[in-house]
Amino acid sequence: MPELIFCFIAMSDQANSLLILLQLADSALPIGSAAHSYGLETLVFDGEVSVTHLEEHFRIYLEESGLIEAVYARRAFAIGAATGADSLLTTAPDLPAWLALNRELSARKLAREGREASAVLGRRLLRHVLSLEYDQRLRAALEAADGADIHHATAFGLIGGVWRLEEEQTVLAFLQQTLTGLVSACQRLMPLGQSRAQSIIWCLRPTVLEVVRRSATAQESHALPMFTPLPDVGGMRHPGLPVRLFIS
């Protein structure tokens with residue numbers, strides 16, 4: 001009987017974690033992610049990205065930008081996981097490390113629009129999560145940043161760590177959300193139907209899994225791409241477009 005009770009509790013915890021991740025990764029989460037294309041709008045306008053080569057474009061994006069974001073999500077997860085299990089009885093996360101992590105990721109985002117978009121979504125994600133369930137540890141992380149950047153990847157990872165979600169699944173959920181959001185942006189920018197969009201996401205599952213696996217061992221800065229030229233240039237040129245559908 002004790003073994004059955006333990007098994008039920010474990011299954012219940014896993015199911016609860018899955019539900020949390022599904023909600024956090026939902027495109028309907030009201031943090032404004034649908035308003036950003038991270039330079040894609042410029043690349044489509046310039047003819048650098050087309051429906052024909054979209055799957056290959058996103059494969060490269062995941063292997064470069066996606067890997068960077070996944071690594072920083074993992075680092076934030078570790079900071080969150082280092083806190084205790086009870087928000088009322090434990091201290092805040094390592095706030096200097098948390099702020100340094102966000103500054104480091106800001107430095108990697110060369111395009112102002114993409115950097116600001118990531119920071120807006122990260123801050124909104126933390127605020128939204130706190131509106132759903134108050135947690136003193138997450139509140140401390142939000143307040144410590146004050147006017148500094150809180151990036152989407154680091155906020156997602158911190159929440160996963162603080163709430164004791166599974167690390168691999170947290171990074172997978174974040175990267176899958178990133179991919180689906182970009183594919184959704186393409187549906188508004190080019191003749192990309194639902195079936196083709198879902199086919200691209202389905203075919204890129206092995207890439208997402210591989211990038212998440214690599215992110216576990218690519219923790220040192222020298223193991224990451226130094227820059228991501230196409231998204232960076234797309235983001236930098238975005239303000240000069242004659243007509244813009246997206247903020248970034």
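Trainee: Which element gives the most to the lining of the largest pocket?
Mentor: Good place to start, and keep in mind that this is a predicted model. Elements giving two or more residues to that lining are α3 (54-81), α4 (95-108), α5 (112-132), α8 and α11 (229-237). With eight residues, the top contributor is α8.

Trainee: How many residues line the largest pocket, and which lie nearest its centre?
Mentor: The space in this pocket comes to about 600 Å³. Its lining has 13 nonpolar, 16 polar and eight charged residues. The lining counts 37 residues, and nearest the centre are Tyr-38, Tyr-61, Lys-109, Thr-178 and Leu-182.

Trainee: Is the aromatic pair stacked, edge-to-face or tilted?
Mentor: The ring centres of Phe-156 and Phe-174 are 5.6 Å apart. Planes under 30 degrees apart would count as stacked and over 60 as edge-to-face. The angle here is 55°, so the pair is tilted.

Trainee: Which residue lies over the face of Trp-202, and at what distance from the ring centre?
Mentor: Let's begin with another ring: Arg-75 lies over the face of Tyr-72, 4.7 Å from the ring centre. For Trp-202, the residue over the face is Arg-205, at 3.9 Å.

Conventions: Residues are numbered from 1 along each chain as its sequence is written. This is a predicted model: local features need pLDDT of at least 70, side-chain atom pairs count only at pLDDT 80 or more; totals for chains, interfaces and linings use all residues. Side-chain values use heavy atoms; hydrogens and water are left out. Rings of Phe, Tyr and Trp (its six-membered ring) pair if their centres lie within 6.5 Å; planes under 30 degrees apart count as stacked, over 60 as edge-to-face and the rest as tilted. A charge sits over a ring if NZ of Lys or CZ of Arg is within 6 Å of the ring centre and within 35 degrees of the ring normal. On a 1 Å grid over the protein atoms alone, a cavity is a set of points where a 1.4 Å probe fits but cannot get out, and a pocket is an open set with protein on both sides within 12 Å along at least five of seven lines; lining residues have an atom within 4 Å of a point. Grid points are joined across faces, edges and corners, and a volume is the space filled by probe spheres set on the points. Helices (H or I, at least four residues) and strands (E, at least two) are DSSP runs, numbered from the N terminus. Ala, Val, Leu, Ile, Met, Phe, Trp, Tyr, Cys and Pro count as nonpolar, Asp, Glu, Lys and Arg as charged, and the others, Gly among them, as polar.
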